[in-house]
Each structure stands twice: as structure tokens, then as C-alpha cells.
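Please look at the sequence and the structure first, and then read the notes below.

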Amino acid sequence: MAAIRQENAMAPSSMLPAAALFLVAAVPALARPVVVTAPEPDRLTVHIPLASLDLATSRGERALARRVTGAVRDLCNEAVGAAGISLVDTVRWQDCSRAAWSQSRPQMEEALARARAVAASAAPALAVTAITISLPTR
């Protein structure tokens, strides 16, 4: 299950240069791109892990769809409350769901395409290990 994290406080600015320096020094050792982000206030973020899925198979693709569907549901329930309580809540939940899926679909397509390319060529490649969705809170 994906974990939802609410970020309300900015990281101390004095820590960012040190963290960036550490990550720059670590990049050659990791041999893969590193993305550095600072916490964003008033946003909910969910990271959906993919490492345990074989996305080159239809079974893995279905499992990916289930994980993202559950994460979108959980994220929107947290961001705007459960749908169905009132018409306004239902509309807000549907808007949230559309926004989350608009972020998720391209990431899903990229993850599936990379997995298929790796399976077809048997060449080493950097796999997509997570999908991230980030939406504003109320």
C-alpha cells in the first residue's frame, strides 16, 4: 500500500546545500539520476512502489493499475474527504481523482514501456521504481 505524506513545513534552508552536496557526491556511486525535492507546504504526496512488480507481464500491469487506483482513492479521500457525503464533496472528489490520474497515467505508461523494452532486449536499463502523485490539500 502506498503511504500518503502531508508536508506542512519547509525544510530548514541551511540543510538544503549540505543535502545537495551529499547527493552530488553520491551520484557517481549510484550510477543513476537523483532527483532532489524540497517538501512543499499544504500538499499531499503519495509514492507508489513498483519494484516488486514485473511490469513486462499482463499480471504486473493489472497489479500496477490496482495500486494506482487504490492510491488515487486514498489520496483524494485524504485531500477532500470521502465522495458521496454531499454533491459538492462528490464533485471535489471527482476533480481530485481526475487531477491524480492525469499525473499517474503518463508515469504508468513510461514504467510499462521501459519494462517492455528491457524484457524485449534483455539489456540492462534503469527501471521505474515508483510513481508519485502530489496534490494540494483543501
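The model is predicted, and the protein averages a pLDDT of 75, with 65% of the residues scoring at least 70.

**Overall architecture**
- The protein has 3 helices and 3 strands, and from the N terminus on these elements follow the order β-α-β-α-α-β.
- Of the 138 residues in the protein, 28% are buried.
- Among contacts between residues at least 6 apart in sequence, 74% join residues at least 24 apart.

**Confidence along the chain**
- Confidence is highest in helix α2, at a mean of 93, and lowest in helix α1 (residues 15–30), at a mean of 39.
- Over residues 8–35 the pLDDT stays under 50, and the model has 12 contacts beyond four places in sequence for this stretch.
- Where pLDDT is low, the predicted coordinates should not be read in detail.

**Packing of α2 against α3**
- Helix α2 (residues 58–80) packs with helix α3 (residues 87–121) at an angle of about 155°, and their axes lie 9 Å apart.
- Because angles over 145 degrees count as roughly antiparallel, α2 is described as roughly antiparallel to α3.
- The crossing of α2 past α3 is right-handed.
- Residues of α2 in the contact include Leu64, Val68, Val72 and Arg73, while those of α3 include Trp93, Ala100, Trp101 and Arg116.
- By class, this contact of α2 with α3 has 14 nonpolar, 4 polar and 4 charged residues.

Key
Residues are numbered from 1 along each chain as its sequence is written. This is a predicted model: local features need pLDDT of at least 70, side-chain atom pairs count only at pLDDT 80 or more; totals for chains, interfaces and linings use all residues. Side-chain values use heavy atoms; hydrogens and water are left out. Axes are lines fitted to C-alpha atoms, for helices over the stretch in contact, and angles run from 0 to 180 degrees between N-to-C directions. Helices (H or I, at least four residues) and strands (E, at least two) are DSSP runs, numbered from the N terminus. Angles under 35 degrees count as roughly parallel, over 145 as roughly antiparallel, 65 to 115 as roughly perpendicular and the rest as oblique. A crossing is left-handed if the near helix is turned anticlockwise from the far one by less than a right angle, and right-handed if clockwise. Contact means heavy atoms within 4.5 Å. Ala, Val, Leu, Ile, Met, Phe, Trp, Tyr, Cys and Pro count as nonpolar, Asp, Glu, Lys and Arg as charged, and the others, Gly among them, as polar. pLDDT is the predictor's confidence in each residue, from 0 to 100. Buried means under 20% relative accessible area, exposed over 50%, partly exposed in between (1.4 Å probe, protein chains only).
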